[in-house]
Amino acid sequence: MGLGSCGIAAGASKTFREFQRIIDSDKLDIELKKTSCVGMCYKEPLVEVIDDTGRYLYGEVDIPRVDEIIDKHIRKFTPIADYIVQSDKIKAADQAFFDGQVKISLRNCGHIDPESIEEYEERDGYQAIRKIADSHMDPDKVIQAVLDSGLRGRGGGGFPTGMKWKFARNNQSERKYVICNADEGDPGAFMDRSILEGDPHGVLEGMIICGFAIGASEGYIYCRAEYPLAIKRLNIAIRQAREKGYLGKDVFGISGFDFDIIIKEGAGAFVCGEETALIASIEGARGMPRRRPPFPAESGLCKSPTNINNVETFINIPWIIYHGPAAYAQYGTEKSKGTKVFALTGKIRHGGLVEVPMGISIKDVIHKLGGGIVDDKKFKAVQLGGPSGGCIPEHLGHTQVDYDSVNATGAIMGSGGLVVMDESTCVVDIARFFLDFTQKESCGKCTFCRLGTKRMLEILTRITEGEGKEGDIEMLEDLAETIKDSSLCGLGQTAPNPVLTTIKYFRDEYEAHIRDKKCPAISCKKLLTYTVIDENCTGCMACIKGCPVDAIEGEKKQVHKIIQDLCIQCGVCFTRCKFEAIKVS
Amino acid sequence: MRIQRINHPKNTDTVKDQPDLSLMEGLLQQYKNKKGNLIPLLQGTQDIYGYLPREAFYRIHEVTGLALNEMYGVATFYAQFRLVPAGKHIVKMCHGTACHVQSVTAITDEILDTLQIKDGETTSDGLFTVETVACLGCCSLAPVMMIGDETYGKLTPKQAVKIIREIRRSENN
């Protein structure tokens, strides 16, 4: 049974208790096990039944379905095809979600009990570091393998991981550090959370290998405090690894290689995802970035050489070492190797986590794996890379998912949040939304980021409220370029991206807001007009009673009328009306 | 920058009497001479009192020698820390991207309207604090809100208000 945060939010704990209750009271011969999320968030809670005949994954298992599954599948041996979302025996309707996925980072998520080190070891866990120890691979060989695999940093920047390790290795120092960046703050991305909750030992093993390669003896995991379950499972994993001697002195029998890992809880600041800010935060200060160089590989935590990678990067390492770099490099494109996890959200039918080989087109991700747009509406654009990324419009849907192709559109790969928008999503509002986020999260160190984002937000807010002026678009572009050029860290340098890409691809929508005071997506509240559809109005007075400014007139059982001059576009009449008699345009 | 959070008006009605500083002793001893102890100390203090009482800053300063301005700087930098007590139930409204495109703003407005407070404020009876947060990480259940440890997904404004009303009713009984 999948018990990740997302599953628990969907009610998985209640389902789990119900199974437990029935199994206990009826003394059924069933072993009920906890795993984490398989990524199929849109069908949570998920329960996989494994019996002699095969594996059957059931979706949307609420309490009534528990009884049905126990009754039909367990007692009568007849799987319930209607509820099955994936199986190795029956062809299920949701099979398309899994077809085309290649699971490397998510190899163990949903398959093992994340709180059991034994289950991790049964699936080749800690075999990569053993391989290094047994075959006496030296650190340079390990780094060469990572280089050969073509792995690039999965946190967003896409810097070759092997190079980073090499720099850290080449800097001589008594103390060196490995840091795992688990401060996943992008609204709309949750792959790191899922990996930490589903396969914590995989991340630890990746860090141990990194520690061996660069010559570090201490590792830190900087994890968001908003991920309590991830922190809990990491703590359990670290305790188990210490008990087995996988962390501590001379780990895996490699003499002279001591390594331990400590968890640091973040305190809620998006900018701490930037590496120098993250280091400042671990040291106990305000998380403000500093100028680079010197890079952390030279002078990082406590002024010692430090290597920072994100969760998804580390989870790939054991697989690469165990299966060899060539196995990894067979996936992907020339410059972007391997696979990437995406968090599909927004107006998409099959929201969740998918892991696909680099090079697949955005359209395929949305339509083949994601099942298309909710309510069969028209696909308009996709926001890739969160607040640092940009909008990719429908006509560029053939864009390949790799670092360079995505950058060419003006968006970035980022951590892999993919928010799908349909025709009813207003891109100006989305740009305003992201700017609002970056403006709040700006640490305030650089003037252009601190004040520039604020000014841009003011202009965007004005535009969405119908107060836009000629010249606003040019002003936004001007501010955006200046902020990009003059900010110290990635937050400021990328903050204008959502605005720039939406202006680039949807300039006409900006113009409609400014010149015609209309929102083409019918989304910006202040730009809407509410009118009564005479044929549908029954004269029930519900809207009149709800209107806070008395802008609706009419008698009982007679058609009502909205007085436009008084209307404040609050939309109460629209939500109150039970007869679809209010038209929004 | 989150200026509005720093200038948060003090709600004197809900500030309790002098906090019992002896509760902090274990925490202070644990982190006293450790490097990078400032954030864990503040996190621990907030775990004890639910917020960071003014007196606690002075106590940490006395024991560890950490500068008051540094502590205040850190406490106001990170979103996690609060300088005034929160309500009994903290309602976190997810304003992540996925929730935003699924119109969470309308739900938040409806809740704030029902409780007669603004974003970040606490109701006068001390029952609810409503906060908008960046992302709770359950995007496929959008729009989402979290009350205590319970997450509510796929909400409509009506459902959300109903949940709040139910909690209030059970508290009043």
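**View 1. Helices α8(A) and α10(A) pack at an angle of about 45 degrees, their axes 8 Å apart.** Helix α8 covers residues 161-170 of chain A, and helices here are DSSP runs (H or I, at least four residues) numbered from the N terminus. Axes are lines fitted to C-alpha atoms over the stretch in contact, with angles running from 0 to 180 degrees between N-to-C directions. The pair therefore counts as oblique, meaning not under 35 degrees (roughly parallel), over 145 (roughly antiparallel) or 65 to 115 (roughly perpendicular). A:W165, A:A168 and A:R169 of α8(A) meet A:C210, A:A213 and A:I214 of α10(A); contact means C-beta atoms, placed from the backbone, within 7 Å.

This is a predicted model, where local features need pLDDT of at least 70, side-chain atom pairs count only at pLDDT 80 or more, and totals for chains, interfaces and linings use all residues. Residues are numbered from 1 along each chain as its sequence is written, while chains are lettered from A and ligands numbered from 1 in the order in which they are written.

**View 2. Here's the largest nonpolar core, with 212 residues.** Such a core joins buried Ala, Val, Leu, Ile, Met, Phe, Trp, Tyr and Cys residues through C-beta atoms within 7 Å; buried means 20 or more other C-beta atoms within 10 Å of a residue's own, with C-beta atoms placed from the backbone. A:Y58, A:I209, A:V365 and A:V382 touch the most other members. Helix α10 (residues 200-214) of chain A gives the largest share, 9 residues.

**View 3. A second, separate core has 12 residues.** Among them are A:Y530, A:C537, A:I562 and A:I582.

**View 4. Helix α9 (residues 191-198) of chain A is mostly covered.**

Key
Helix = DSSP H or I, 4+ residues; strand = E, 2+ residues; numbered from the N terminus. Contact = placed C-beta atoms within 7 Å.
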